[in-house]
Amino acid sequence: MRGTTPTALLREAQLRHAHTLLEAADPLRETVTGIAQRAGFTHLGRFSTEYRRRFAESPGDTLRR
C-alpha cells in the first residue's frame, strides 16, 4: 500500500486480527487482555485507544456482542 509505513501496515493487521478474535470469542472464557496479547499488543491502553479509533467501539463492547 502506497503512502503508508510498514509499522502502520503491521498495526492495521494487528487491529483487524484482534477484532476478528474478539468477535469470535466467548466472553465467559476469554478476556480483552488475552486477545490483545495474542494479536501482538503489549501496551493495553494504546491498544484500547487505537481499537476504539479504528472500530468506533471499545474492545470490551466487541467482546460482549
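Select Y51 and F55 in helix α3: the two residues are four positions apart in that helix and are therefore separated by about one helical turn. Helices here are DSSP runs of H or I with at least four residues, numbered from the N terminus. The model is a predicted one, in which local features need pLDDT of at least 70, side-chain atom pairs count only at pLDDT 80 or more, and totals for chains, interfaces and linings use all residues. Residues are numbered from 1 along each chain as its sequence is written, and side-chain values use heavy atoms, with hydrogens and water left out.

**The aromatic residues**

Keep Y51 and F55 on display. Their rings form a tilted aromatic pair, at 4.7 Å centre to centre and with 45 degrees between the planes. Rings of Phe, Tyr and Trp (its six-membered ring) pair if their centres lie within 6.5 Å; planes under 30 degrees apart count as stacked, over 60 as edge-to-face and the rest as tilted. Both Y51 and F55 are buried, where buried means under 20% relative accessible area, exposed means over 50%, and partly exposed lies in between (1.4 Å probe, protein chains only).

Now include F41, which together with F47, Y51 and F55 makes one aromatic cluster. The structure holds three aromatic pairs.

**Helix α1 against helix α3**

Next, display residues 6-24 as helix α1 and residues 44-55 as helix α3. Two packed helices are described by the angle between their axes and the distance between the axes. For α1 and α3 the angle is about 85 degrees and the axes are 11 Å apart. Axes are lines fitted to C-alpha atoms, for helices over the stretch in contact, and angles run from 0 to 180 degrees between N-to-C directions. The two helices are therefore roughly perpendicular, a class that covers 65 to 115 degrees (under 35 is roughly parallel, over 145 roughly antiparallel, the rest oblique).

To see which residues meet, select R11, E12, L15, R16, A18, H19 and L22 of α1 with R46, F47, E50, Y51, R54 and F55 of α3. Contact means heavy atoms within 4.5 Å. The residues of this contact divide into six nonpolar, one polar and six charged. Ala, Val, Leu, Ile, Met, Phe, Trp, Tyr, Cys and Pro count as nonpolar, Asp, Glu, Lys and Arg as charged, and the others, Gly among them, as polar.

**Salt bridges**

Zoom in on E50 and R11, whose side chains meet in a salt bridge at 3.3 Å, N to O. A salt bridge requires a side-chain nitrogen of Lys or Arg within 4 Å of a carboxyl oxygen of Asp or Glu, and by this rule the count comes to seven. E50 is buried at 16% relative accessible area, whereas R11 is partly exposed at 28%.

Then select E12, R16 and R54, which are linked in a network of salt bridges.

Two further stops remain:

- R38 and E30: their side chains form a salt bridge at 2.7 Å, N to O; E30 is partly exposed, at 25%.
- R65 and E57: their salt bridge spans 2.6 Å, N to O; R65 is exposed at 60%, and E57 is buried at 16%.
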